[in-house]
Amino acid sequence: MVHRLKSLISGLAIASLSGLVCLLVLEFAVFRTVLVPDDVLENVTIDGVVRYRPGSVAVFRHPDGRRSTVAVNAQGWNSARHTYDTPKSKDRLRVAVVGDSYVHAAFVDPSESFAARLEAGLTSSDVAAEVFRFGMDGAPLSQYLYMLRREVVAYKPDVVVVPIIHNDFDEMYRGVRTRYASSFMKLRKTECGGVAEIAPVEFKPGLAAKLRQSAMFRYLYYETNLYLYAKRWISRFYWGGEEDWDPRFISAAVDIRKISDHESNRFFARYVLEQMKALSAEHGFRLVFIMDAVREAIYEKHPPMKYEIGRLNRIAREETARLGLMFIDLQDAFAADYKANGKRFEYAYDWHWNARGNQIVADVLTPLVAGLAGKTQTRATPTQRAASASLTSEMDQKLANCG
């Protein structure tokens, strides 16, 4: 009996050791030299704003064999600029671009992003300029406002460009369970019919962050069909994603079943745009909004309004017009280029703008931003700022009273 027990224990130990050695070989040999996944970009919260770990460099390996590099600067943003200087030259136009993964632009090298190409275009137009970008994967329009308040205005930009993407609307107020969604400012409607801001929480790495440190896990999750076939249970238990994801309802990389509350989309977008306009008056910068085209309409030769996401373009256009804000719908520019060249603006495996899409966005922005050089926004007077602060305090009190 004792001999059998010893044999069993010995067998289990050998099997465990063999399994461990196998896992180590897979982790440190196979999945770090042969089947290599994307590198990890770590998130951190600095000064209340979630971003990427400063000084990080990551390589992304794409299905078409391309590679792109993310170079996170000293402030925690993917950029061709190693650091953003706070002091500003009076002779140089400072442009800030605030947005989500389209601004972060991990699918192209830093020099190929529309922000970098905008800077190059301005320079070619004899406009001395510097373009700072602040892009965070997954951030909705409400987070852009938060980033603008907490981070961007400190650099005293002359122009702020805000790209609007089709998932920016519903994710302002709808719960989206991802690794860092709670680190984004969200909005809710109060009983009084106003808007209450839900402050973001500091990002803290959890189980998902630990799993992502494993090259084997990253490869199996992101690079194989495991991501698709097991999306429901993996997302639900590890990432907290939507378990009812269905490709039949995906348009422009968003689930159209979740963006159809256009009354709420308009209501919260109006609030954010009003807040941004107030900030532009207070800090003296010009606001420029651009919005992604309904690209499927271009490829399929249909009117944009045939698509659910086209309604979001209309909301953005109408609300910016109501507030007298500059707005560019990229529909015409993308449609004209596609008609002339027949080349798409995203990758076959991802909906983000490819190098061509980024270049067209820069080409559209360059003359507009160049035209703003030397034109300053009228800053709010101390009396106006005091009145605004008083009104904000009064609104906050009303919100507190009505919940």
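**Close-up views of a predicted protein model**

**View 1. Proline 163 is a buried residue of the predicted model.** Because its relative accessibility is 2%, under the 20% cut-off, proline 163 counts as buried. This proline lies in strand β7, which spans residues 159-164.

**View 2. Proline 163 touches residues from several parts of the chain.** Leaving aside residues up to four places away in sequence, the contacts of proline 163 are Val97, Val98, Val103, Phe114, Tyr144, Asp168 and Ile290.

**View 3. The structure holds one cavity of 30 Å³ or more.** The volume of the largest cavity is about 60 Å³. Its lining consists of Ser101, Tyr102, Ala105, Ala106, Phe107, Val108, His352, Trp353 and Asn358. Helix α2 (101-104) and strand β15 (350-353) each contribute at least two residues to this lining. Sorted by class, six lining residues are nonpolar and three are polar, while no charged residue takes part.

**View 4. The protein as a whole contains 14 helices and 15 strands.** The chain has 403 residues, of which 47% count as buried. Among contacts with a separation of 6 or more, 69% are made by residues 24 or more positions apart. The accessible surface comes to about 19900 Å², and carbon and sulfur atoms account for 56% of that area.

Key
Residues numbered from 1 in each chain as written. Predicted model: local features only at pLDDT ≥ 70, side-chain atom pairs only at ≥ 80, totals over all residues. Heavy atoms only, no water. 1 Å grid on protein atoms, 1.4 Å probe; cavity = no way out; pocket = protein on both sides within 12 Å on 5 of 7 lines; lining within 4 Å. Points joined across faces, edges and corners; volume = space filled by probe spheres on them. Helix = DSSP H or I, 4+ residues; strand = E, 2+ residues; numbered from the N terminus. Nonpolar A, V, L, I, M, F, W, Y, C, P; charged D, E, K, R; others polar. Buried < 20%, exposed > 50% of the residue type's maximum accessible area, 1.4 Å probe, protein only. Contact = heavy atoms within 4.5 Å. Areas by Shrake-Rupley, 256 points an atom, 1.4 Å probe, with all protein chains shown as cover.
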